[in-house]
Amino acid sequence: MPQFDPTFFAPQLFWLVLTFVTLYILMTSVALPKIGAVLDERQRKIDDNLDKAAQLKAEAEAAVAAYEKALAESRAHAHSVIKEASDRLSSEAEERNRALSAKLSEQIKAGEARIGEAKTKALANVRDVAIDVAGSVFDRLIGANADAAKLETAVATALKEHGK
Amino acid sequence: MGLGFRIGAELVAGVLVGVGIGWVLDTWLKTSPWLMVLFLLLGGAAGVMNVYRTMRGMDATVGLGQASRRAEQAKDL
Amino acid sequence: MANPIEQFKIQPLVPLKVGGLDISFTNSSAMMVLSVCLITLFLTLSVRSRALVPGRWQSMAEVFYEFIAGMLRENVGSEGRKYFPFIFSLFMFVLFGNLLGMMPIPVIGFTYTSHVIVTFAMALVVFTGVTVIGFARHGTHYLRMFFPEGAPIATAVILIPIELISYFSRPFSLAVRLFANMTVGHIILKVMGGFVVSLGAFYLVPGVVPFAFLSAVTVLEFGIALLQAYVFTILSCIYLHDAIHMH
């Protein structure tokens, strides 16, 4: 086998050392730093973007929190306003109700008093009329004036009999 | 094919190194050929041990105690 | 049929001799130079645009980078970072050697990873480097590697030589594995190709069977080219891990 022929050991080793050392120098000084720089840059960009994304996310979350806080606040505010308004309205309505009912009951009372007055007046009138009518009827039938006192008593009795 | 090559390489290398060391010692101490025979046997043993390590997946870990410990650790994991 | 061993033959293109040392520029040297050029061109041109969203070539270069970086991180840890350029160069050099060896390149077409001296030299560099790193980090304590903790002292006589041989056999098994895989794969391809030619030249139909087989083996060989580069590199990483962490 040519592999075990020592004639070419020396040139093989010489060129191996030469080429490998060249390769090593080229790798350390040129190729590897270049690739490493590209990879580092990409990693940095990715990290940057990740950072930025995290930052944006935090910002968005903060905005959402602020919005929700504002929403809750305004809701509470609206609630209190509504409650206040409705309280005020209901108290006002009650007030008006009370005033109105007081006024109404007053009017009712006055009306009742007026009705009672009118009734007694009317009843008094009825008695007078009844006495007059009974006197004139007595006069026509008998042709003599009736005794006024007796007439009055009779009318009163009749009125009592007919109720009220 | 790859595994066969590895086993062959381990055995051949073990015996080769054993014989080489034996030969050097022999010429130095003028005990030819006894040390060469002894180291041939030791080299065979080393080759077999290397093959054993290769088969257990503990490539080229020097030191049987360390190798077996490493295998134990691997089992624990 | 062409001799299947022929393809491993080294042909000097420019004979050179410096101080009695033969350093001829051969087809093997040419392929190594070609590999280095292609690797460098591929890695630099692909990231030239520095695109944020990578194109096809750029993402391929990035995949290689991330793959080796990840392998080193997983197997060695953060201490392995400074060895990244070496491991990366090693992987690319072996990978391109394996892959370019599959290409029908005229005149210089050759697989340098199918030569044991090349693979052994690389394995030896890894082995020596790892051993030096081990001693530099742990001093003489690194020698504890060769005697398992808790084992009876009496067994040291047997175990220490075995562990030592096992340790020193690392570069050999690393080199032999890559070299043998590449050599055998190329021999199979050559033999199958020979069948296709000799059978297909006379009868159309019988040539189809070895041709189908050849296609399948070619695909397999590409897989092995990748796999062996991976195995070579990951074993280097594992050795490095042992030297740094000692457990």
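This briefing covers three chains, their interfaces and a few residues that stand out.

The model is predicted. Chain C touches chain A, with 47 residues of chain C in contact with 34 residues of chain A. Chain C also touches chain B, where 31 residues of chain C meet 29 residues of chain B. One salt bridge is found across the interface of chain A and chain C. One is also found across the interface of chain C and chain B.

**Chain A against chain C**

- The size of an interface is often given as the accessible area lost when the parts come together.
- Between chain A and chain C, about 3,700 Å² is buried. Carbon and sulfur atoms give 79% of that area.
- On the chain A side, the residues that lose the most area to chain C are Q3(A), Q12(A) and W15(A). Together they account for 17% of what that side buries.
- Seven residue pairs are in polar contact across this interface, counting pairs with both residues at pLDDT 80 or more.
- The salt bridge joins R42(A) to E62(C). Their closest N and O atoms are 2.8 Å apart.

- E62(C) sits in helix α2 of chain C, which spans residues 56-75.
- Is E62(C) buried or exposed? E62(C) counts as buried because its relative accessibility is 6%, and the cut-off for buried is under 20%.
- The side chains of E62(C) and R42(A) also make a polar contact, at 2.8 Å.
- Leaving out residues up to four places away in sequence, E62(C) touches I35(A), V38(A), L39(A) and R42(A) in chain A. In chain C, E62(C) touches P54(C) under that count.

**Chain C against chain B**

- About 2,500 Å² is buried between chain C and chain B. Carbon and sulfur atoms give 70% of it.
- I162(C), I165(C) and R177(C) supply 23% of the area that chain C buries against chain B.
- Three residue pairs are in polar contact between chain C and chain B, with both residues at pLDDT 80 or more.
- Which helices of chain C supply at least two residues each to the side that touches chain B? They are α5 (156-168), α6 (170-202) and α7 (204-245).

**Chain B as a whole**

- Chain B has three helices and zero strands. Along the sequence, the pattern reads α-α-α.
- Of the 77 residues in chain B, 42% are buried.
- The accessible surface of chain B is about 4,300 Å². Carbon and sulfur atoms hold 73% of that surface.
- Among contacts in chain B with a separation of 6 or more, 36% link residues 24 or more positions apart.
- G8(B) lies in helix α1 of chain B, residues 2-29. G8(B) counts as partly exposed because its relative accessibility is 29%.
- G8(B) and M36(B) are 28 residues apart along the chain. Their C-alpha atoms are separated by 21 Å.

**Positive phi angles**

- Most residues other than glycine have a negative phi.
- K30(B) has a phi near 55 degrees, a positive value in a residue other than glycine. K30(B) is placed in the loop between α1 and α2 (34-55) of chain B. K30(B) counts as exposed because its relative accessibility is 72%.
- V107(C) has a positive phi of about 65 degrees and is not a glycine. V107(C) is in the loop between α3 (84-100) and α4 (116-138) of chain C. V107(C) counts as exposed because its relative accessibility is 68%.

**A nonpolar patch on chain A**

- Which residues form the nonpolar patch on the surface? They are V129(A), V133(A), V137(A), F138(A), L141(A) and I142(A).
- Together these residues have about 570 Å² of accessible area.
- One of them, V137(A), lies in helix α1 of chain A, residues 9-142.
- V137(A) counts as partly exposed because its relative accessibility is 43%.

Methods: Residues numbered from 1 in each chain as written. Chains lettered and ligands numbered in written order. Heavy atoms only, no water. Patch = residues over 30% accessible without salt bridge, like charges linked within 9 Å, V, L, I, M, F, W, Y side chains within 5 Å. Areas by Shrake-Rupley, 256 points an atom, 1.4 Å probe, with all protein chains shown as cover. Salt bridge = Lys/Arg side-chain N within 4 Å of Asp/Glu carboxyl O. Helix = DSSP H or I, 4+ residues; strand = E, 2+ residues; numbered from the N terminus. Buried < 20%, exposed > 50% of the residue type's maximum accessible area, 1.4 Å probe, protein only. Contact = heavy atoms within 4.5 Å. Buried area = accessible area lost by both parts, 1.4 Å probe. Polar contact = N/O pair within 3.5 Å; in protein donor to acceptor, adjacent residues only side chain to side chain.
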